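Trainee: Could we go through this model together? I would like to begin with the overall picture and then turn to individual residues.

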Amino acid sequence: AQNIADKFLVDSTSKSFDLRHREIITNNMDKYNAAFEQGKNKFFDLENTKKKANLIKWRTIENLDKYLVDFEANFTANGGKIIWANDAEEAREEIWKIFEKHNARSVIKSKSMATEEIELNHFLEKKGIEPIESDLGEYIIQLLNHKPYHFVTPAMHLSLEDIAKLFNEKFGTPLEATAEELTMKARELLREKYTTAEIGITGANFLVADTGSIAITENEGNARLSTTFPKVHIAVVGIEKVIPSMTDLDLFWPLLASHGTGQNLTVYNTLINGPRKAQETDGPEEMYVVLLNNGRTNVLEKKDQRQGLYCIRCGACLNVCPIYQNIGGHTYETTYQGPIGSLISPHLNGMKEFKHLSYASSLCGKCTDVCPVGIDIQKMLLLNRRDSVQENLSPVAEQRMWKGFTFAIKNRKWIDFFGGKFKNFFMRNFFKKSWGANRELPKFPDKSFAKQWKEQQKNKEK
């Protein structure tokens with residue numbers, strides 16, 4: 001059977017040469033880059049802002065146990081309930097218990113990568129419940145039965161033409177419908193779902209420890225509707241999303257907005273402190289926050305790579321990454337794609353199966369430059385590579401090849417002993433496949449530089 005790494009190579013090769021895919025992605029990335037340039041210019045001193053964000057996240061992750069307990073105490077004091085989930089299975093089972101308790105059969109969801117990570121939709125469908133995604137991008141890919149392509153813009157790989165065709169097939173809208181008309185159709189279809197759903201499920205962008213609030217950031221208002229009408233609200237959130245104080249949001253909200261979409265501030269920023277109080281007119285009667293571990297403590301225990309947990313999921317590193325731009329989001333076969341996905345996925349899903357992602361990088365450093373919380377992503381990818389070698393996960397053939405290379409490179413006479421003809425023959429027969437079918441192998445000169453230098457010196461002496 002083809003393993004994940006082999007499938008990754010096959011898929012990335014075909015995607016890289018899919019010209020229509022490249023055109024759509026380039027077009028969307030260009031729009032993002034223009035917006036991002038404008039967005040980041042609004043900061044008086046962006047580098048200083050990023051340093052401050054890095055320090056706050058450093059302090060939080062180093063004291064994660066304390067801040068999570070603070071959040072739990074403050075949230076439960078407001079009438080909310082906390083569920084600690086060690087892994088995806090535990091999270092799904094606990095969510096199902098809530099469904100059973102309320103005898104619920106209908107659910108509306110707003111955009112959440114954590115629910116994607118635990119494959120909640122698939123689980124609920126198996127139980128006979130149809131989860132409705134209310135974010136427009138998520139709704140589109142749900143109709144197509146695709147996974148998210150990008151964790152900020154899940155339908156980035158589709159053109160307006162693709163979406164118009166889909167809506168025409170599913171709902172009979174005209175093929176030449178504009179983006180506004182398609183959005184209005186989705187709104188018309190979803191409005192009734194909000195008012196009839198018994199349970200609303202969301203993620204959260206931040207957990208605010210000192211007030212016990214969850215902060216949700218969105219551009220469409222669907223999270224507000226998903227948390228206002230249903231009687232029960234369940235938020236599924238990774239444990240690393242905690243921040244110490246409400247005052248930290250004046251730093252993180254603009255950073256997330258500018259790096260995610262180029263906005264000064266996202267359209268809807270909502271703080272929810274718990275279920276509806278007696279004097280309040282809307283909101284759920286019960287509210288649960290599922291604090292999801294699911295491998296995050298594996299990253300936490302790696303002192304060197306721990307900063308991978310600082311991520312605020314803005315997606316900026318995906319948008320600047322030359323690898324992501326060429327191979328696309330689906331090729332990664334993980335919930336979190338691009339540079340940050342390549343850093344954390346081997347720890348969340350297993351180094352043995354996903355170490356190849358840490359090698360799928362040109363180490364150009366664009367991801368590190370753009371990260372709003374100062375994660376040194378390229379260095380972390382190198383540390384992942386180091387760990388995979390130390391854990392003896394490299395194939396035997398690769399280990400032997402590096403041993404031979406090390407021996408030869410340490411002994412100059414062996415490099416010089418074999419001439420260019422032999423080296424070219426060796427490369428052609430043993431490395432052509434690794435170099436790729438679409439690139440020409442570089443030619444070795446007949447004589448090494450050291451040999452040429454020696455001969456030149458001899459000639460000078462004459």
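This is a predicted model: local features need pLDDT of at least 70, side-chain atom pairs count only at pLDDT 80 or more; totals for chains, interfaces and linings use all residues.

Trainee: How many helices and strands does the protein chain have?

Mentor: There are 25 helices and 10 strands in the protein chain.

Trainee: And what does the C-alpha trace span along its principal axes?

Mentor: The C-alpha trace of the protein chain spans about 100 × 55 × 50 Å along those axes.

Trainee: What percentage of the residues is buried?

Mentor: Of the 462 residues in the protein chain, 49% are buried. The accessible surface of the chain comes to about 23800 Å², and carbon and sulfur atoms account for 53% of that surface.

Trainee: Let us pick a residue. Where is Ser345 found?

Mentor: Ser345 lies in helix α16, which covers residues 338-349.

Trainee: Is Ser345 buried or exposed, and why?

Mentor: Ser345 counts as buried because its relative accessibility is 1%, and the cut-off for buried is under 20%.

Trainee: Which residues does Ser345 touch, then?

Mentor: Leaving aside residues up to four places away in sequence, Ser345 touches Thr334, Tyr336, Gly350, Phe354 and Leu357.

Trainee: Changing topic to charges: how far apart are the mean positions of the positive and negative ones?

Mentor: The protein chain has 63 positive and 59 negative charges, and their mean positions are 10 Å apart.

Trainee: Which residues form the positive surface patch?

Mentor: That positive patch is formed by Lys451, Lys454, Lys458 and Lys462. One of these, Lys454, is placed in helix α25, residues 449-461.

Trainee: Why does Lys454 count as exposed?

Mentor: Lys454 counts as exposed because its relative accessibility is 55%, and exposed means over 50%.

Trainee: One more residue. What is the place of Asn264?

Mentor: Asn264 is in the loop between α12 (249-261) and β9 (268-272). With a relative accessible area of 47%, Asn264 is partly exposed.

Trainee: What does Asn264 touch?

Mentor: Not counting residues up to four places away in sequence, Asn264 touches Lys42, Pro254 and Ala257.

Trainee: And how far is Asn264 from Pro372, in sequence and in space?

Mentor: Asn264 and Pro372 are 108 residues apart in sequence, while their C-alpha to C-alpha distance is 14 Å.

Definitions and conventions
Residues are numbered from 1 along each chain as its sequence is written. Side-chain values use heavy atoms; hydrogens and water are left out. Helices (H or I, at least four residues) and strands (E, at least two) are DSSP runs, numbered from the N terminus. Buried means under 20% relative accessible area, exposed over 50%, partly exposed in between (1.4 Å probe, protein chains only). Contact means heavy atoms within 4.5 Å. Patches are made of residues with over 30% relative accessible area and no salt bridge: like charges are joined within 9 Å, nonpolar side chains (Val, Leu, Ile, Met, Phe, Trp, Tyr) within 5 Å. Accessible areas come from the Shrake-Rupley method with a 1.4 Å probe; for residues, only the protein chains shown count as cover. A salt bridge is a side-chain nitrogen of Lys or Arg within 4 Å of a carboxyl oxygen of Asp or Glu. Lys and Arg count as positive and Asp and Glu as negative; His and the chain ends are not counted. The place of a charge is taken as NZ of Lys, CZ of Arg, CG of Asp or CD of Glu.
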